[in-house]
Amino acid sequence: MVESSSVLTPAFSTNLVEQNQELTFNTQQSVETNVLPGINDDMTPLISANTGNSITTVTNLTDLNNVNEPPLKKTKSNNSPENKQRLLEDRLGGILSCCICLDLSNLPMYQCINGHLMCGHCFSHLLADGKLKDELTTCPNCRCEINKSNCSRNLAVEKAISELPIVCEYCLNTFLRYEIKVHQNQFCTDRPTVCDYNLIGCSWQGAYHNLESHLGVCHYPSKTGMQLLDTLKEKKQIIDDEKKCLETVVDLLSLNQIGVSDLILKPFRTDDFVAKLYFETSRFTCLSFQWCVRARINDNTPHPQLTMNRTLSYQLVLKSKITQTIDLKFFILRGPHGDLQAIKPVIYSFEFSPNHTETEYLKLSISPAECNKLLSSTSISFRLLMVQVERNKE
Ligand SMILES: [Zn+2]
Ligand SMILES: [Zn+2]
Ligand SMILES: [Zn+2]
Ligand SMILES: [Zn+2]
């Protein structure tokens, strides 16, 4: 919206003049009707005051209107039906926006028991904050308690939002929110694009409508196999690394000693002066030993509630007494009951011995937003895969 206004400055200024004239007229009318009943005491000074006073009010109102109304494209009169439609859309946008970030969102919209709307992102952030601070989470508008069971999604709001206009960030044209994805992925001529020869190393990036002229001068198609060899080697290396990881998983799964445990991390608090939130599973038996998993937020740095950047790391703890060593490889998966997005398996190895029964804290590869989602739920479900490696066969 803002970007389009800067582009359309001349249209904006003419509109301004027209708006001023018309709105002045409208407001005067409304002031008169408001004043007539004479019930409201606050209005009395306005009646008794001279015209000068009421003119000030009128100009204030016009200013306000100018602020609220975005500049309109290619409309000559403010009275046009298109214009009125636009104002309605703006007002609806204000009503349907998230009460925390004040944005219109394409995410699920939640509401407190009094109907205040929050986008999915702010909702889980709020719940995560509450959990980190060990406080009840409350609605920022009405202070009623908020939790996952007393807030519901509002599908009507989500659908209404999808019918409202949005400006394409690339071409600055206006579309309905439900059409914008298809427009930006397929039809927008200003969408960012890479060269067709990107795979063999051309790093050109630009607007889609410039692609053709770039392809005319791009020198990558005429390069010889010899010249491309280094680029191809680099690409192959990346693919090989991913393949190796997958192959390791497959190899591990063919070993004899495999344990699969579906676990639940539950929240606890330390009894420090400032209690810290941490998570722990109950003890479980796997590969004929007893274990538990602990998890902590931002590696126990103080005040995780003050940062947007949140991470979760976990530790595997051996609870059984052992006399020999256990060579273990393990990794975490989403599991059948998990809220986790599909996570890339990161395989860790650790040699448990009578004196080393705890691994270090290992980072889960999830985004801060994903981390908030996990924190906002009452518990975290995941699957742990453990494989015992027999030394002599390695
Ligand atoms: Zn929000
Ligand atoms: Zn509320
Ligand atoms: Zn566009
Ligand atoms: Zn190119």
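Which residues have the most contacts inside the largest nonpolar core? Some notes on that and on the parts around it, bearing in mind that this is a predicted model.

1. The core first. The largest nonpolar core has 42 residues, and those with the most contacts inside it are Met 118, Phe 123, Val 293, Phe 330 and Leu 384. Strand S16 (residues 380–388) gives the largest share of this core, 6 residues. The core also takes at least three residues from each of domain 2 (80–188) and domain 3 (255–393).

2. Take Phe 330 from that list. Setting aside neighbours within four places in sequence, Phe 330 is in contact with Leu 316, Tyr 348, Leu 384, Leu 385 and Met 386. One of these partners, Leu 384, is itself among the core residues with the most contacts.

3. Leu 316 brings us to strand S12 (residues 312–318), where the side chains alternate.

4. S12 has pairing partners to look at. Strand S11 (residues 289–297) pairs with S12 in the antiparallel sense over 7 bridges, and within this pairing Leu 316 is the bridge partner of Val 293. Strand S15 (residues 362–363) also pairs with S12, again antiparallel, over 2 bridges. There, Tyr 314 stands opposite Leu 362.

5. S1 and S2 are joined by 3 bridges, with Tyr 110 opposite Met 118 in S2. Met 118 is one of the core residues with the most contacts.

6. Helix H6 (residues 120–133) has 14 residues and reaches 20 Å from its first C-alpha to its last, close to the 20 Å expected at 1.5 Å a residue. Buried in H6 are Cys 122, Phe 123, Ser 124, His 125, Leu 126, Leu 127, Ala 128 and Lys 131. Their cover includes S1, S2, S8, strand S9 (277–280) and helix H11 (368–376). Just after H6, Asp 134 takes a positive phi of about 55°.

7. At 1.5 Å a residue H5 should span 22 Å, and its end C-alpha atoms are 22 Å apart, so the two agree.

8. Leu 104 lies in the loop between H5 and S1 (109–111). Is it buried or exposed? Leu 104 counts as buried because it has 20 C-beta neighbours inside 10 Å, and 20 or more is the cut-off. Leaving out neighbours within four places in sequence, Leu 104 is in contact with Gly 93, Leu 96, Ser 97, Ile 161 and Leu 164. Leu 104 and Cys 119 are 15 residues apart in sequence, with their C-alpha atoms 8.2 Å apart.

9. Last, Asp 262 in strand S8 (residues 257–269). Asp 262 has 14 C-beta neighbours inside 10 Å, so it counts as partly exposed. Not counting residues up to four places away in sequence, Asp 262 touches Gly 335, Pro 336, His 337, Ser 381 and Arg 383. Asp 262 and Leu 385 are 123 residues apart in sequence, yet 8.8 Å apart in space, C-alpha to C-alpha.

Terms used. Residues are numbered from 1 along each chain as its sequence is written. Chains are lettered from A and ligands numbered from 1 in the order in which they are written. This is a predicted model: local features need pLDDT of at least 70, side-chain atom pairs count only at pLDDT 80 or more; totals for chains, interfaces and linings use all residues. Helices (H or I, at least four residues) and strands (E, at least two) are DSSP runs, numbered from the N terminus. The expected span of a helix is 1.5 Å times one less than its number of residues. A residue is buried if 20 or more other C-beta atoms lie within 10 Å of its own, exposed if 12 or fewer, and partly exposed in between; C-beta atoms are placed from the backbone. Two residues are in contact if their C-beta atoms, placed from the backbone, lie within 7 Å. Two strands pair if DSSP finds at least two bridges between them. A nonpolar core is a set of buried Ala, Val, Leu, Ile, Met, Phe, Trp, Tyr and Cys residues joined through C-beta atoms within 7 Å. Domain bounds come from an automatic or database domain assignment.
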